[in-house]
Amino acid sequence: YQRRVRGKRRLSLTTMSTETSSKFVDTHCNLPEILEQLKFLQFKQLGSLLGEKLEKCITVSSTPGTLEKTLELLCEDKVFAAVGVHPLYAEHYTTELEQKLIEVCKHPKILAWGEIGLDYHVFPNKTYCPRDIQIDKFKLQLKRALELKKPIIIHTREAEDDTIQIMKQYIPKDYLIHVHCYTDSLKFAKQLVSEFNNLFLGFTGVITFKNSSDLQEVVRQIPIDRILLETDGPYMAPVPFRGKVCHPGMIPHIADMIAKLKNISVSEVYTSARVNTTKMYG
C-alpha cells in the first residue's frame, strides 16, 4: 500500500459473456482472519480453495487490528477492500483512527466505508461496546462516508428500529448501501429496500442452515435485483461445511440455495448478482 496512490473506486468486473456468466464476487469477507485461521501466510495459498470462478473479493477491515494486513492484501489483483469500525468495537473509533481511515480511503481499491452500524445481540459471559457508544460512532462514521462519497456497508443485528431511524436521518434515499450478512426480519428487509432505492442485502451461508427458515423466506420475497452474494468468511460456512473455515470459494453453495429458494436457475443468480455488484461497487 502506498499513500500516494489515488483514484476513483472501481471493481472493474469483466464484460458479461457466456464465459463469465458463472464467475462471482464475494462482496464481503475477512481475509486476514481467514488466512489466520487456515494458518496461511499469503493469499496465494488459498489458490485451490477459491477455484477458477472467483473473479474478485472484497475484504473488510472493521477492527483496528486488521487494517494494516488488509492494506497489504491490496497488492493482490483479485482483492479489494472496505474500511470502517464494527459496532461491537465502536469504542476504538477514535479521532486518530478516523483520520487514518480517511487517508487510506484515497486508495482506489478501497471501495466503501464499513462495516458500520448497530449490534444489540447479547453474548453470554462477554460484554461488547454499549449501545449509546455504538449509536454515536455509527452516526459519526455515516457522516464521514457521505463526505467521502463512499458506498456504505451496514452491519445490523437485533437493532432494527434504531438502525432504520438513523439510516433515514442521515442517508439519502438513492445512496449506495450494502446491508451485509442479513439475518433480521422479513418486515425489516422490506422496509429497507422500500426506503432506499440503491440498497442491497447480502446473504451468507446462514441461509443453508436447517434452522434458518425465517431467513430463507426473506430470500424468497426480496427481489433478486436487490441481492448480493457474500460469505462473511471465516464465519458461518454453508452446509455441508458447517464448522469449517469459510472462504470466498464457498459462494457457489450460497448461490445454489438462493436459486433453490427463488425457483430460478443458478445462472440467473450469478447474472443478477454480477449486475448488482457492479452497481454497488463499480
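Is lysine 106 buried, partly exposed or exposed? With a relative accessible area of 27%, lysine 106 is partly exposed, where buried stands for under 20% relative accessible area, exposed for over 50% and partly exposed for what lies in between, with a 1.4 Å probe and protein chains only. The structure is a predicted model, in which local features need pLDDT of at least 70 and side-chain atom pairs count only at pLDDT 80 or more, while totals for chains, interfaces and linings use all residues. Residues are numbered from 1 along each chain as its sequence is written, and side-chain values use heavy atoms, with hydrogens and water left out.

**View 1. The whole chain.** The chain has ten helices and eight strands, taken as DSSP runs numbered from the N terminus (helices H or I with at least four residues, strands E with at least two). Its C-alpha atoms fill a box of roughly 45 × 40 × 40 Å along the principal axes. A compact globule of 282 residues would have a radius of gyration near 19 Å, and the 17 Å of the chain agrees with this; the radius is taken over C-alpha atoms, and the globule rule is 2.2 Å times the number of residues to the power 0.38. Buried residues make up 54% of the 282 residues.

**View 2. The nonpolar cores.** The largest nonpolar core has 70 residues, and those with the most contacts inside it are Tyr182 and Leu201; such a core is a set of buried Ala, Val, Leu, Ile, Met, Phe, Trp, Tyr and Cys residues joined through side-chain atoms within 4.5 Å. Helix α9 (residues 251-262) gives the largest share of this core, seven residues. Apart from it lies another core, of 15 residues, among them Leu11, Leu13, Ile58 and Phe80. In soluble globular proteins, nonpolar side chains tend to be buried together.

**View 3. The surroundings of tyrosine 182.** When neighbours within four places in sequence are left aside, tyrosine 182 is in contact (heavy atoms within 4.5 Å) with residues including Phe188, Leu192, Leu201, Phe203 and Val218.

**View 4. Arginine 144 in helix α5.** Arginine 144 has its place in helix α5 (residues 131-148), and it counts as buried because its relative accessibility is 17%. Not counting residues up to four places away in sequence, arginine 144 touches Tyr93, Glu98, Ile102 and Trp113.

View 5. Another joins glutamate 72 to lysine 69, with the closest N and O atoms 3.9 Å apart; both residues lie in helix α3 (residues 67-73), three residues apart, about one turn of the helix.

**View 6. A salt bridge between distant parts of the chain.** Glutamate 195 forms a salt bridge with lysine 173, the closest N and O atoms being 3.6 Å apart. The pair links distant parts of the chain, since glutamate 195 lies in helix α7 (residues 186-195) and lysine 173 in the loop between α6 (160-170) and β6 (177-179), 22 residues apart. Glutamate 195 is partly exposed, with a relative accessible area of 23%, and lysine 173 counts as partly exposed at 41%. Elsewhere, salt bridges that share partners join Glu98, Arg144 and Glu147 into one network.

Methods:
Salt bridge = Lys/Arg side-chain N within 4 Å of Asp/Glu carboxyl O.
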